[in-house]
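Biologist: Hi! I'm new to this one, could you walk me through it?
Modeller: Happy to, let's open it up together.

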Amino acid sequence: MPFDQPQDVGAIGASMAQFVNAASAGQFAVNEQGGQALIAAIDQLQDWLVDNLYKLRDLEQEPPLGSSHAAEVMKPFMVNVATDHQGFLTQLRALNENLAKARKAIEIAMSNYQQTDSDITAALTREEP
């Protein structure tokens, strides 16, 4: 998808739901080392998001720009840029939610890997009659 075309937040959420469903259906697996690296990256980004969403909450308020006509026009516009359905804060919150879904899918995929590994080990060590 080209960078100049915004993707709908709902579409990203739907993609994450499909990612979790694919992991739940056993359609992919991730080994422990790879999964833990991905989880660590997700956790680090989520920590950053939580920290910064708190710091950025002022963007939800109209800035004190004065009382000129231009200021009165800009104040609500700046809040909308931060909070509408494609707004900066809206996107950051959606990213945080989708990272939680991705983390869940990776945990499931790690379990899939362990199960597949156990199944293969059992099949290889089973005695043939």
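Biologist: Which residues of H3 are buried?
Modeller: Quick note before we start: this is a predicted model. The buried residues of H3 are Ala 71, Lys 75, Val 79 and Ala 82.

Biologist: And what do the buried residues of H3 pack against?
Modeller: They pack against H4.

Biologist: What span should helix H3 have, and how far apart are its end C-alpha atoms?
Modeller: Helix H3 covers residues 69-83, which is 15 residues, so at 1.5 Å a residue it should span 21 Å. Its end C-alpha atoms are 22 Å apart, which agrees.

Biologist: Okay, on to H2. How many residues does it have, and how far does it reach?
Modeller: H2 runs over residues 32-55 and has 24 residues. From its first C-alpha to its last it reaches 34 Å, close to the 34 Å expected at 1.5 Å a residue.

Biologist: Which of its residues are buried?
Modeller: In H2 the buried ones are Gly 35, Ile 39, Ile 42, Gln 46, Leu 49, Asn 52 and Leu 53. Helix H4, residues 88-125, is included in what covers them.

Biologist: How many residues are in the largest nonpolar core?
Modeller: That core has 13 residues, and those with the most contacts inside it are Ile 42, Ile 106 and Met 110. H2 and H4 are the elements that give two or more residues to this core. H4 gives the most, with seven residues.

Biologist: What does Met 110 touch?
Modeller: Leaving out residues up to four places away in sequence, Met 110 touches Val 30, Asn 31, Glu 32, Gly 35, Gln 36 and Ile 39.

Biologist: Let me ask about Asn 98. Where is it, and is it buried or exposed?
Modeller: Asn 98 is in helix H4. Its relative accessibility is 8%, so Asn 98 counts as buried. Not counting residues up to four places away in sequence, Asn 98 touches Ile 12, Gly 13 and Met 16.

Biologist: Changing topic: how many aromatic pairs does the structure hold?
Modeller: It holds one aromatic pair. Phe 19 and Phe 28 form this pair, and it is stacked, with 5.2 Å centre to centre and 15° between the planes.

Biologist: Last one: what sits over the ring of Tyr 54?
Modeller: The charged end of Arg 57 does, 4.0 Å from the ring's centre.

How values were computed
Residues numbered from 1 in each chain as written. Predicted model: local features only at pLDDT ≥ 70, side-chain atom pairs only at ≥ 80, totals over all residues. Heavy atoms only, no water. Helix = DSSP H or I, 4+ residues; strand = E, 2+ residues; numbered from the N terminus. Expected span 1.5 Å × (residues − 1). Buried < 20%, exposed > 50% of the residue type's maximum accessible area, 1.4 Å probe, protein only. Contact = heavy atoms within 4.5 Å. Core = buried A, V, L, I, M, F, W, Y, C linked by side-chain atoms within 4.5 Å. Phe/Tyr/Trp six-rings, centres within 6.5 Å; stacked < 30°, edge-to-face > 60°. Lys NZ or Arg CZ within 6 Å of the ring centre and 35° of its normal.
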